[in-house]
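Take a first walk through this structure.

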Amino acid sequence: MSSRWEAAADLVVVGTGVAGLSAALEAVRAGLRVVVVTKAEADAGNTRWAQGGVAVVLPGEHEPGDSVHRHVDDTLVAGAGLCDPAAVATILAEGPDAVARLRAGGAVFDPAGDDQPDRRGRLALAREGGHTAFRVVHAGGDATGAEVERALLAGVRNQRLTLLERHVAARVVRTEAGAVAGLLVLADDGVAGILRAPAVLLATGGLGQLYEATTNPDVATADGIALALRAGASVADLEFVQFHPTVLYPGRGATGSRPLVTEAVRGEGAVLIDAAGERVMEGVHPLGDLAPRDVVSAAIIRRLAEVPGGVDDHVFLDATHLRAEVFRTRFPTVYAACRAIGVHPASEPIPVAPSAHFGCGGVVTSVDGRTAVPGLYAAGEVARTGLHGANRLASNSLLEGLVTGRRTARAVVADLSAGKAARQSAGRLGDEGDGADVLTAEPVADRPGLQQLMSRHAAIGRDQAGLAIVAKSLDAMASRTLPAGRADVEDAALHLAARALVLAASTRTESRGCHVRHDHPVRDDQRWRRSLVVGLDESGEPTLLPALDLGGVA
């Protein structure tokens with residue numbers, strides 16, 4: 001393969017989710033030349049699918065008695081002992097300013113309705129799982145992500161930056177010294193190009209496509225995890241994959257992306273019931289149906305396992321106490337999805353089941369997006385800042401993207417100014433050559449086979465025997481291929497991410513947060529209150545590195 005074109009920038013942002021777009025806007029305002037790369041269209045990322053909202057304690061808007069400190073406490077509880085308290089405090093404290101800037105940029109959040117006369121003139125607030133207060137602001141009822149994305153994309157298109165659509169990021173290019181020198185991209189037709197830049201920000205979203213059923217769009221193929229690992233960075237907490245407990249169940253055997261039923265429906269009083277009409281969360285947790293997501297998902301799986309013969313694979317969310325007009329107005333996206341499968345949520349319970357939703361771990365970074373590789377940054381779901389720990393608190397993800405995106409852009413500016421990265425990426429590249437031979441053959445997975453394996457043995461409930469089956473099968477099923485386009489890059493990324501995740505899940509012999517081991521059902525703080533870190537060895541194989549106690553990159 002030979003490089004067909006080259007271009008130069010100060011910063012290349014990979015991904016058009018909330019973190020990537022926030023960073024791009026901040027970097028352009030600081031005077032940097034920015035290129036934003038996306039393998040699909042600009043609006044095809046994870047952000048638009050976020051229903052619930054943004055968890056934030058806004059001055060003059062919050063519920064009496066609520067505070068940022070209380071939000072921090074809820075986050076730490078949900079994270080099951082693996083959050084980095086300093087990272088949590090930093091990110092949540094900057095949330096109000098980040099949301100204020102977003103609103104100043106044109107984002108519109110829902111005002112309180114007539115049913116909340118005490119909040120007249122202020123924003124409507126919702127409560128979701130794990131929160132002890134109403135503090136989630138939303139837009140369009142249950143279309144917050146779409147509104148956040150709309151406002152950020154409008155800002156990006158009004159700025160002087162380059163938006164490169166339908167190009168997949170294939171490899172981070174580095175100098176002999178190991179610093180970032182640019183990014184290799186492939187167009188849909190296989191034509192390659194080199195974006196030469198001293199800084200690359202990975203904001204590629206999650207890894208939901210590792211599983212047969214997910215709330216994630218089809219672009220969530222762990223690209224950033226693979227890019228970072230191959231560039232010499234490390235990842236942590238990959239074993240903690242959050243399964244959203246209430247994802248619409250369209251029928252037996254259905255796979256692919258599914259619409260979720262936002263937690264805010266439970267915040268309005270909906271309850272989970274089984275096929276016999278019995279409450280699923282009764283006596284399980286003090287917060288009942290609004291317990292943290294890992295608790296609710298695990299309770300559903302336990303209830304399904306108790307069914308004689310194990311024939312049921314879903315439960316129900318009963319929201320029939322809400323009038324049809326109220327449900328349709330408050331949750332238009334959920335209402336439309338229910339009606340599309342023939343369910344009327346105001347008169348019958350909604351069939352739901354847990355599905356892969358959010359990767360709590362990712363590329364090890366500071367709250368400023370810095371990795372251990374000079375010039376390589378990560379933000380958003382692809383990054384592991386220490387905010388989420390072993391289980392993400394509902395609606396903290398959009399907030400994280402807004403805050404860390406801006407912080408990362410400022411870090412890039414500071415690093416360029418301090419000479420940690422040269423604006424002109426001149427000089428000899430490392431072993432990867434001049435761009436003509438950057439790509440190498442990688443193990444490319446059979447995606448349906450990989451998803452079936454991961455769903456069966458590495459989803460909510462795991463054990464050593466099943467994880468061993470996945471590890472052995474992944475090695476056997478993959479063929480080494482020189483990526484020729486988007487599908488090859490994605491399937492190679494899924495294969496690498498699956499191997500790294502299974503390695504961490506096999507090592508962590510306890511149950512904590514999203515990681516449930518049937519053969520080790522007890523949480524063990526003495527041995528496992530630390531984050532498992534995975535990197536690549538000299539032969540490109542995932543290997544365990546020294547664990548992180550609770551921190552990240554300095």
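Leaving aside its neighbours within four places in sequence, which residues is His131 in contact with? They are Ala55, His71, Asp74, Val136, Leu393 and Ala394. Contact here means heavy atoms within 4.5 Å. His131 sits in the loop between H4 and strand E5 (136–137). Its relative accessible area is 0%, so His131 is buried. Buried means under 20% relative accessible area, exposed over 50%, and partly exposed in between, with a 1.4 Å probe and protein chains only.

A word on the source. This is a predicted model, in which local features need pLDDT of at least 70 and side-chain atom pairs count only at pLDDT 80 or more, while totals for chains, interfaces and linings use all residues. Residues are numbered from 1 along each chain as its sequence is written, and side-chain values use heavy atoms, with hydrogens and water left out. Element names follow DSSP runs, numbered from the N terminus: helices are H or I with at least four residues, strands are E with at least two.

Now turn to helix H11 (residues 396–417) and its partner helix H4 (residues 95–104). Their axes come within 9 Å and cross at roughly 90°. That makes H4 roughly perpendicular to H11. Axes are lines fitted to C-alpha atoms, for helices over the stretch in contact, and angles run from 0 to 180 degrees between N-to-C directions. Angles under 35 degrees count as roughly parallel, over 145 as roughly antiparallel, 65 to 115 as roughly perpendicular, and the rest as oblique. From H4, Gly95, Asp97, Ala98, Val99, Arg101 and Leu102 meet Leu399, Leu402, Val403 and Arg406 of H11.

Helix H3 (residues 85–93) also packs on H11, at about 85° with the axes 9 Å apart. H3 and H11 are therefore roughly perpendicular to each other.

Next comes a sheet. Five strands form an open sheet in the order E20-E18-E12-E25-E26, with mixed pairing. Two strands pair if DSSP finds at least two bridges between them. Strand E20 (383–384) and E26 stand at the edges with a single partner strand each, so one side of each has no neighbour in the sheet.

Strand E25 (residues 531–536) and strand E26 (residues 542–548) pair in the antiparallel sense over five bridges. Gly535 has Thr543 in E26 as its bridge partner. Five residues lie between the strands of this hairpin, where Gly540 takes a positive phi near 85°. Helix H14 (residues 486–507) lies across E25 and E26 and runs at about 50° to E26.

His515 lies in the loop between H14 and strand E24 (516–517). Is His515 buried or exposed? At 0% relative accessibility, His515 counts as buried. Not counting residues up to four places away in sequence, His515 touches Glu239, Phe240, Arg462, Ala505, Arg508 and Glu510. The C-alpha atoms of His515 and Ile460 are 6.7 Å apart, although 55 residues separate the two along the chain.

Finish at helix H8 (residues 293–305). H8 has 13 residues and reaches 18 Å from its first C-alpha to its last, close to the 18 Å expected at 1.5 Å a residue. Its buried residues include Val296, Ala299, Ile300 and Leu304. Among the elements covering the buried residues of H8 are strand E13 (241–248), helix H7 (264–267) and strand E17 (350–359).

Definitions and conventions
The expected span of a helix is 1.5 Å times one less than its number of residues.
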